[in-house]
Amino acid sequence: MKNNNSANNPFDSNRNSLFGEPNARNNNSSRSWGKAPPKETPLTENLDNKGLLTQQQVIMDEQDQILDVLSGSVGRQLQIAKSIDAEVSEQNLLLDDMHDKVDRTDSRLRAVKLKLHDVSEKASVKGLWACICFLILTLIVIIFLAFYIR
């Protein structure tokens, strides 16, 4: 069941504000919808239908020219974007290659550091043993000299 009360239905009030009240429409106007016919602008008030059509064609031609310029600009931006994409792709390949090389170098560096640590530990232990042996030998010589010189 349809509710004819437009005050309670916001859709009807919106419709009426757009098209006018159903009974109050101007049925004599063939060019307009709504409450009143459109207002003529200074550019269109003295034109007949053919003149209006010609003016609209001129405006559309101007808009076509503007769109052609805009299309060229968008085309140039597309070429720039494709160039940037190609450059970024190339740089990504170079970065991936460098990343692989850095990973290999890092692995080698870790292995060398481990070997260097082992050598360092062995050298410090050998150095301590050499120092102990030298001190024992020096002690023996001093004891020998102390008993022999007396």
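## Surface and burial

Accessible area here is the area found by the Shrake-Rupley method with a 1.4 Å probe. By that method, the accessible surface of the protein comes to about 14,100 Å². Carbon and sulfur atoms account for 62% of this surface. The structure is a predicted model.

The protein has 150 residues, and 6% of them count as buried. A residue is called buried when its relative accessible area is under 20%, and exposed when that value is over 50%. Residues in between are called partly exposed.

## Helices

The protein contains two helices and zero strands. Helix α2 covers residues 49–149. With 101 residues at 1.5 Å a residue, α2 should span 150 Å. The C-alpha atoms at its ends lie 141 Å apart, which agrees with that expectation.

Which residues of α2 are buried? They are G51, L52 and Q55.

Side chains of opposite charge can pair when their charged atoms come close. The count of salt bridges comes to two.

D97 has a relative accessible area of 39%, so it is partly exposed. K101 is also partly exposed, because its relative accessible area is 43%.

Another salt bridge joins the side chains of D106 and R110, at 3.1 Å from N to O. D106 and R110 are four residues apart in helix α2, so about one helical turn separates them. Is R110 buried or exposed? R110 has 58% relative accessibility and therefore counts as exposed, whereas D106, at 33%, counts as partly exposed.

## A nonpolar patch

A nonpolar patch lies on the surface, formed by L137, V141, F144, L145, Y148 and I149. Together these residues have about 680 Å² of accessible area.

Y148 is one of the residues in this patch, and its place is in helix α2. Why does Y148 count as exposed? Its relative accessibility is 64%, and the cut-off for an exposed residue is over 50%.

Notes: Residues numbered from 1 in each chain as written. Predicted model: local features only at pLDDT ≥ 70, side-chain atom pairs only at ≥ 80, totals over all residues. Heavy atoms only, no water. Patch = residues over 30% accessible without salt bridge, like charges linked within 9 Å, V, L, I, M, F, W, Y side chains within 5 Å. Salt bridge = Lys/Arg side-chain N within 4 Å of Asp/Glu carboxyl O. Buried < 20%, exposed > 50% of the residue type's maximum accessible area, 1.4 Å probe, protein only. Expected span 1.5 Å × (residues − 1).
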